Amino acid sequence: MVIKPKIRGFICTNAHPTGCEAHVNEQIAYVKSQPQATQKPKNVLVIGASTGYGLASRITAAFGNDAKTLGVFFEKEPTEKRTGSAGWYNTAAFQKAAEAEGLYAKNINGDAFSHEIKAKAIAAIKEDLGQVDLVVYSLASPRRTDPDSGEVYASALKPIGDGFSTKSLNTSKRVIETVDVEPASDDEIAGTIKVMGGEDWELWMSALSDAGVLSENCKTVAYTYIGKKLTWPLYGKATIGRAKEDLDRAAIEIRKTTDAINGEAFVTSLNAVVTQASSAIPIMPLYISSLFKVMKADGTYEGPIQQIQGLFRDNLYNSVRNLDEQNRIMQNHKELEDNVQDRVTDIWNAVDTDNIDEFTDYVGYHNEFLRLFGFEVDGVDYDADVSPIANINNML
């Protein structure tokens with residue numbers, strides 16, 4: 001079939017297998033071209049390994065550090081009539097490239113919040129790796145089923161206390177508009193902490209520790225985003241802010257859990273990047289489009305693969321780390337510089353529907369959105385007839 005993007009609002013409902021493979025190969029090539037840390041992980045578990053920062057972590061671990069990787073994800077398999085999810089195609093491409101270079105890589109597709117998937121990962125580690133020395137936690141989900149009670153919790157991206165009005169870039173209509181965001185209820189706050197907080201990260205690390213599959217000096221990292229003034233209404237005193245506080249709490253508890261093996265646990269703040277989730281957040285499309293304009297002009301913007309490559313080399317496996325007062329690794333320090341934020345704020349205040357392309361890099365934003373699903377990738381013939389079927393080898 002000939003596969004063209006199908007976009008509804010802020011959602012792309014299909015993906016291109018050849019484009020996803022080309023995008024993964026671009027990231028592999030970037031990692032190979034970069035200097036690596038002297039210390040390196042050997043056996044790596046990536047929870048949320050199929051897209052974004054999780055995929056970048058798996059690529060960096062494997063192709064930059066020659067690590068064996070076990071990837072956990074929850075993706076939709078393709079059929080003859082329907083494409084699979086982008087994460088499915090990304091993993092198929094990663095697996096193909098890993099096998100071509102003789103790198104160990106196995107995969108688990110299922111609900112990472114469940115006890116079943118945790119047990120399956122532990123069994124695979126015991127059988128093939130013995131122990132892991134790095135655990136990357138990079139799950140992004142709008143809801144979570146509690147593995148004990150069976151209750152389903154949903155996240156809500158809302159302020160706490162008072163609502164607010166803000167500028168927003170409506171990507172489906174390509175207009176700047178004002179949106180009103182209502183404050184969260186107590187149930188919505190609790191649900192967001194359950195889904196996006198540190199409880200499941202903590203459960204993973206406890207299960208791995210109890211099973212004896214964490215090595216001496218094991219590291220674990222969970223990814224988050226910490227913005228400044230413009231994004232603070234939704235990332236500060238807000239439901240996501242509470243979830244971030246819970247991530248910090250979990251990191252402290254994990255350090256206690258792994259103290260006997262000299263373990264390390266870090267929350268890492270990374271750049272604001274284009275994701276399907278960020279496209280649904282009122283502030284983020286306009287903020288990221290403005291950020292692209294400023295940081296690309298400075299030559300300092302980094303996408304997921306650049307951020308993670310730098311994280312491994314400059315922080316996670318470096319004797320000197322860029323930590324804030326909460327012991328978080330601040331990989332997105334360039335984004336948060338006052339000079340950058342001031343210029344982004346100037347754009348924010350001046351932009352309207354008529355000057356979007358002049359003041360922001362919305363074209364770049366939209367291109368990055370399509371690339372998430374394998375579209376607009378250089379060198380791919382999007383008029384070619386391709387099969388939607390792509391197999392993932394070594395699926396457990």
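Which residue forms a salt bridge with Asp128? The partner is Lys106, and the closest N and O atoms of the two are 2.8 Å apart. A salt bridge here means a side-chain nitrogen of Lys or Arg within 4 Å of a carboxyl oxygen of Asp or Glu. Side chains of opposite charge can pair when their charged atoms come close. Asp128 sits in helix α4 (residues 115-129) and Lys106 in strand β5 (residues 105-109), so this bridge ties together parts that are 22 residues apart in sequence. Helices (H or I, at least four residues) and strands (E, at least two) are DSSP runs, numbered from the N terminus.

Before going further, keep in mind that this is a predicted model: local features need pLDDT of at least 70 and side-chain atom pairs count only at pLDDT 80 or more, while totals for chains, interfaces and linings use all residues. Residues are numbered from 1 along each chain as its sequence is written, and side-chain values use heavy atoms, with hydrogens and water left out.

A search of the whole structure turns up 23 salt bridges. Here are some of them:

| Pair | Closest N to O |
|---|---|
| Asp128 and Lys106 | 2.8 Å |
| Glu199 and Lys194 | 3.1 Å |

Buried means under 20% relative accessible area, exposed over 50%, and partly exposed in between (1.4 Å probe, protein chains only).

Now for a loop. Ser85 is found between β4 (68-73) and α3 (86-100), and with a relative accessible area of 16% Ser85 is buried. Leaving out residues up to four places away in sequence, Ser85 touches Ala15, Glu75 and Lys76; contact means heavy atoms within 4.5 Å.

Finally, zoom out. The protein has 13 helices and 13 strands. Its radius of gyration, taken over C-alpha atoms, is 20 Å, close to the 21 Å that the globule rule gives for 396 residues, so the protein is as compact as a globular protein of that length. That rule is 2.2 Å times the number of residues to the power 0.38. Along its principal axes, the C-alpha trace spans about 60 × 50 × 45 Å. Buried residues make up 54% of the 396.
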